[in-house]
Amino acid sequence: MGVSESGTVDRMLAADGVGMCPHRVAMEHVTSRWGTLALIALLDRSYRFSELRREIGRVSEKMLTQTLQTLERDGLVHRDAKPVIPPRVDYSLTDLGREAAEQVRALAQWTERRMAAIQKAREEYDAAKA
């Protein structure tokens with residue numbers, strides 16, 4: 001591990017005296033199960049809440065609401081509530097969110113490409129432990 005990577009890890013592990021460091025908290029928001037999927041979906045276009053929920057699949061309304069609020073607070077997602085009846089709310093990525101989403105998507109694509117190697121490693125590990 002190079003010097004810069006080691007410094008990043010040290011900063012991520014450092015406590016602020018009260019809780020986790022802000023870097024680590026932000027990284028957890030971006031890499032959470034639903035955060036990752038929401039960011040990747042929003043790369044394509046903006047979504048209404050129900051559309052995004054269907055696009056992601058298997059996420060509860062409560063969990064998606066919490067995830068979107070967290071990503072909005074972190075400046076990654078923009079919530080556009082239009083004053084119409086019935087209410088219309090659209091979610092889209094901010095510039096910062098697009099940057100994060102592109103990084104997360106790259107990791108997801110790498111995982112997809114390397115899944116056979118990962119599965120083989122798991123099988124070898126399990127066989128050695130048996």
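The model is predicted, and every value below was computed from it. The protein is built from seven helices and three strands, and buried residues make up 23% of its 130 residues.

**Overall fold and surface**

- Read from the N terminus, the order of the elements is α-α-α-β-α-α-β-β-α-α.
- Among the contacts in the protein with a separation of 6 or more, 39% are accounted for by residues 24 or more positions apart.

**The largest pocket**

- The volume of the largest pocket is about 230 Å³, and its lining is formed by Ala-26, Met-27, Val-30, Thr-31, Asp-74, Leu-76, Leu-96, Glu-99, Ala-100, Gln-103 and Val-104.
- Two helices, H2 (22-31) and H6 (95-113), each supply at least two residues of this lining, and the largest share, five residues, comes from H6.
- By residue class, the lining of the largest pocket divides into seven nonpolar, two polar and two charged residues.

**Thr-67 in helix H5**

- Thr-67 lies in helix H5, which spans residues 61-73, and because its relative accessible area is 8%, under the 20% limit, this threonine is classed as buried.
- The side chain of Thr-67 reaches the backbone oxygen of Met-63 at a distance of 2.9 Å.
- When residues up to four places away in sequence are not counted, Thr-67 touches Trp-34 and Gly-35.

**Asp-90 in strand E3**

- Asp-90 lies in strand E3, which covers residues 88-93, and with a relative accessibility of 10% this aspartate also counts as buried, because the limit for that class is under 20%.
- The side chains of Asp-90 and Arg-88 are joined by a polar contact of 3.1 Å.
- Leaving out residues up to four places away in sequence, Asp-90 touches Tyr-47, Arg-48, His-78, Arg-79, Asp-80 and Lys-82.

Conventions:
Residues numbered from 1 in each chain as written. Predicted model: local features only at pLDDT ≥ 70, side-chain atom pairs only at ≥ 80, totals over all residues. Heavy atoms only, no water. 1 Å grid on protein atoms, 1.4 Å probe; cavity = no way out; pocket = protein on both sides within 12 Å on 5 of 7 lines; lining within 4 Å. Points joined across faces, edges and corners; volume = space filled by probe spheres on them. Helix = DSSP H or I, 4+ residues; strand = E, 2+ residues; numbered from the N terminus. Nonpolar A, V, L, I, M, F, W, Y, C, P; charged D, E, K, R; others polar. Buried < 20%, exposed > 50% of the residue type's maximum accessible area, 1.4 Å probe, protein only. Contact = heavy atoms within 4.5 Å. Polar contact = N/O pair within 3.5 Å; in protein donor to acceptor, adjacent residues only side chain to side chain.
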